[in-house]
Amino acid sequence: MFTVAALYHFTRFQNPAAFQGPLRAACLSHRVTGTLLLAPEGINGTIAGPDSGIAAVLEQIRALPGCNGLEWKVSTAQQRPFARMKVRLKKEIVTMGQPDVDPLAGTGHYVAPADWNALIAAPDVAVIDTRNDYEVAIGSFDGAIDPQTASFREFPDWWKANSHRFHNKRIAMFCTGGIRCEKSTNYLLGQGVAEVYHLKGGILKYLEEVPEQDSRWHGDCFVFDGRVSVGHGLSEGPHELCHACRRPILPADYHRPEFEEGVACHLCAAETTADDKARFRERQKQIALARSRGQRHLQQDVSDDS
């Protein structure tokens with residue numbers, strides 16, 4: 001059993017590159033894998049490993065400038081959910097592409113999971129799911145609005161095109177762990193929305209704390225690791241990943257005529273060309289060859305840090 005820690009923290013890093021090497025070394029020395037993103041606005045990521053290793057890495061992150069108040073969400077996985085450890089440098093720890101958005105300057109009102117049901121049931125509240133379309137497709141809250149965005153970058157344009165729908169409404173927003181709502185609620189405040197709320201700790205905290213019999217959540221929650229999805233109590237969900245398009249699919253989808261391991265699934269078969277599929281097949285052959293030679297092991301990967 002592996003411990004999985006999802007974390008983020010907004011703070012000012014003058015030189016985030018200075019933390020990259022030490023964090024990577026700490027993770028590797030404690031057999032921790034996953035991804036950590038460093039940017040001038042803070043840190044974000046999900047890591048997994050033995051409980052003692054996760055504790056040691058979290059302690060090191062909390063020692064970074066301004067990170068003493070770091071919060072994280074812990075769950076478990078039966079198998080290691082990440083094959084490698086990546087510590088990357090980015091312009092943003094969650095990409096919205098809005099330079100004026102600054103969660104440190106203010107966000108919406110945090111709503112505890114225990115109080116969320118009452119808020120989203122109120123008739124004057126519009127509930128908005130800030131996640132990507134493929135995440136929303138496998139689960140969401142009762143009555144939540146799906147912006148049908150392919151990436152978080154698209155959210156501001158969606159809001160500008162749809163803001164008239166929410167006149168005189170209070171806005172309640174949610175996402176997987178809370179980080180996207182830190183930016184989206186700051187953005188809405190900057191657009192003049194008077195009352196904005198967001199689910200503290202995100203869907204993951206809600207699924208952890210709210211009993212299933214009291215829940216207004218339906219389906220599973222997509223997570224960006226080898227588990228693919230989790231349900232109530234943060235138990236591992238049934239979904240697996242199409243390694244061609246990176247969307248969640250169910251085991252039954254393997255029997256659809258469009259499915260070919262690493263090449264296509266019913267969601268993406270019509271989106272790629274014959275040449276694309278030929279490349280994917282070759283890639284899949286190389287993956288299978290590497291596995292047959294027993295070459296799966298922990299690696300560090302900073303070649304694309306940028």
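Student: So what does the pLDDT of the protein average?

Tutor: The average is 93, and 96% of the residues score at least 70, where pLDDT is the predictor's confidence in each residue, from 0 to 100. This is a predicted model, in which local features need pLDDT of at least 70 and side-chain atom pairs count only at pLDDT 80 or more, while totals for chains, interfaces and linings use all residues. Residues are numbered from 1 along each chain as its sequence is written, and side-chain values use heavy atoms, with hydrogens and water left out.

Student: Where does pLDDT stay under 50?

Tutor: That happens over residues 295-306, for which the model has 27 contacts beyond four places in sequence, a contact being heavy atoms within 4.5 Å. Where pLDDT is low, the predicted coordinates should not be read in detail.

Student: OK, the core next. Which residues of the largest nonpolar core touch the most other members?

Tutor: Of its 24 residues, these are Phe155, Trp159, Phe166, Ile171 and Leu188. A nonpolar core here is a set of buried Ala, Val, Leu, Ile, Met, Phe, Trp, Tyr and Cys residues joined through side-chain atoms within 4.5 Å; buried means under 20% relative accessible area, exposed over 50%, and partly exposed in between, with a 1.4 Å probe and protein chains only.

Student: And which element gives the most to this core?

Tutor: That is α6, with four residues; helices (H or I, at least four residues) and strands (E, at least two) are DSSP runs, numbered from the N terminus.

Student: What does Leu188 touch?

Tutor: Leaving out residues up to four places away in sequence, Leu188 touches Phe155, Trp159, Ile171, Met173, Val193 and Val196. Apart from this core lies another, of 23 residues, including Trp116 and Val230.

Student: Changing topic, I noticed Val228. What is its phi near?

Tutor: Phi of Val228 is near 75°, a positive value in a residue other than glycine, and Val228 is found in the loop between β12 (221-222) and β13 (229-230).

Student: Is Val228 buried or exposed?

Tutor: Val228 is buried, with a relative accessible area of 4%.

Student: And what about Arg246, where is that?

Tutor: Arg246 is in the loop between β14 (240-241) and β15 (248-249). Arg246 also has a positive phi, of about 65°, although it is not a glycine, and Arg246 is partly exposed, with a relative accessible area of 49%.
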